[in-house]
Amino acid sequence: MSTEKDPEINDTEITPKEVYLNRREFMAASASAAAAAAFPALSGAESHSSAIPLKIEKRADYAGKEELTTYKSAVGYNNFYEFSTNKEDIAALSKDLRTRPWSVSIEGLIKKPRRYDIDDLIKLFPLEERIYRMRCVEGWSMVIPWVGFPLDGLIRLCEPESKAKFVEFTTLHDQSQMPGQRRDVLQWPYVEGLRLDEAVHPLTILSVGMYGERLPNQNGAPLRLVVPWKYGFKYIKSIVKIRFTEQMPVTSWMKAGPLEYGFYANVNPEVDHPRWSQAKERRIGEFIRRKTLMFNGYAEQVAPLYAGMDLRKNF
Ligand code: MTE
């Protein structure tokens, strides 16, 4: 990511037409799935027949009429530097990552620190489907039907102390399973953070699935963050620790390139990356670039969080 400028997408990444799931089919699938609590149109015939379906209790479409990115692209074109910097290699290299048993430690400035087994954690909250745009800082975007629960619910259970102002997230650190961690591409483990008010915002979710099924390893199984108005590098994968702090966490990307990657990382077409423009994006599966929207199209919901802030300084 740090060296790439608006990467060209080659032919192998463009999804063949026959596997296209168009919007109308998707909506029909969603309607019947509401009863079946799974995605009939997505199971079986497609390549992900071994995936585990999830029981979804609530559906919300925040992406308007935009077509979903195909499952094939979403699971085949990834950023997960713990495995490789080559997007097409991540799926194969991460296939043996052990995501069960898995525990998530919740700690720091809270009244109820705890270590959760991932399956106990998932059972605490009804699973929701949220269709969100995802815009990567590199200049490409997707539309993904995530499955997860609002982070706010978990934060309430923890009872943050009044001193807690930020939430820091950490990915698994295990070189034996994550070969990319043997190289110094980033300082490991991968760390991300949110301000507490961003973390409790209703759009912020912890995702455990996508396309109606458990998250594939390459997409951050078993638990990842999804913050749709921010660049994709905030969507930290395979989380093992959530810590509440008074100080702003120093994230992996801030350490790697402090002039290029800030703490906020809000999608903003008016604030360019020092090496490329952020005004437009290539939606995976499309040929013509489209305009990038302020806060990735979620300005109405999130702009008040940044009232009075200079977004050029707080990038
Ligand atoms: N999380 C970890 N632990 N390691 C990473 O390298 N890459 C980020 C983010 N989360 C990354 C990560 C970046 S740059 C992006 S764009 C998204 O994951 C990509 O998510 P996807 O592969 O599910 O599309």
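Me: Which five strands form the open sheet, and in what order do they stand?

Reply: The open sheet has the strand order β3-β2-β11-β6-β7, with mixed pairing. β3 (114-117) and β7 (191-195) are the edge strands; each has a single partner, so one side of each lacks a neighbour in the sheet. The twist from one strand to the next averages 15°. This is a predicted model, in which local features need pLDDT of at least 70 and side-chain atom pairs count only at pLDDT 80 or more, while totals for chains, interfaces and linings use all residues. Residues are numbered from 1 along each chain as its sequence is written, and side-chain values use heavy atoms, with hydrogens and water left out.

Me: How do you know that β2 and β11 pair, and in which sense?

Reply: Two strands pair if DSSP finds at least two bridges between them. β2 (residues 103-108) and β11 (residues 239-245) have four bridges, in the parallel sense, so they meet that criterion. The strands themselves are DSSP runs of E with at least two residues; helices are runs of H or I with at least four, and both are numbered from the N terminus.

Me: What makes β2 and β3 a pair, and what do they form together?

Reply: They also have four bridges, here in the antiparallel sense, and S103 stands opposite D117 in β3. The two strands form a hairpin with five residues between them.

Me: At what angle does helix α5 run to β11, and which strands does it lie across?

Reply: Helix α5 (residues 151-158) runs at about 60° to β11 and lies across β2, β3, β6 (166-171), β7 and β11. Axes are lines fitted to C-alpha atoms, for helices over the stretch in contact (heavy atoms within 4.5 Å). Angles run from 0 to 180 degrees between N-to-C directions.

Me: Which residues come nearest to the ligand?

Reply: N78, Y81, E82, R224 and K237 come nearest, out of 18 residues around the ligand. A residue counts as near if one of its heavy atoms lies within 4 Å.

Me: What is omega for the cis peptide bond between R100 and P101, and where is P101 found?

Reply: Omega is about -10°, and P101 is in the loop between α3 (90-93) and β2.

Me: Why should residues 3-45 be read with caution?

Reply: pLDDT, the predictor's confidence in each residue from 0 to 100, stays under 50 there. Where pLDDT is low, the predicted coordinates should not be read in detail. The protein chain averages a pLDDT of 89, and 84% of the residues score at least 70.
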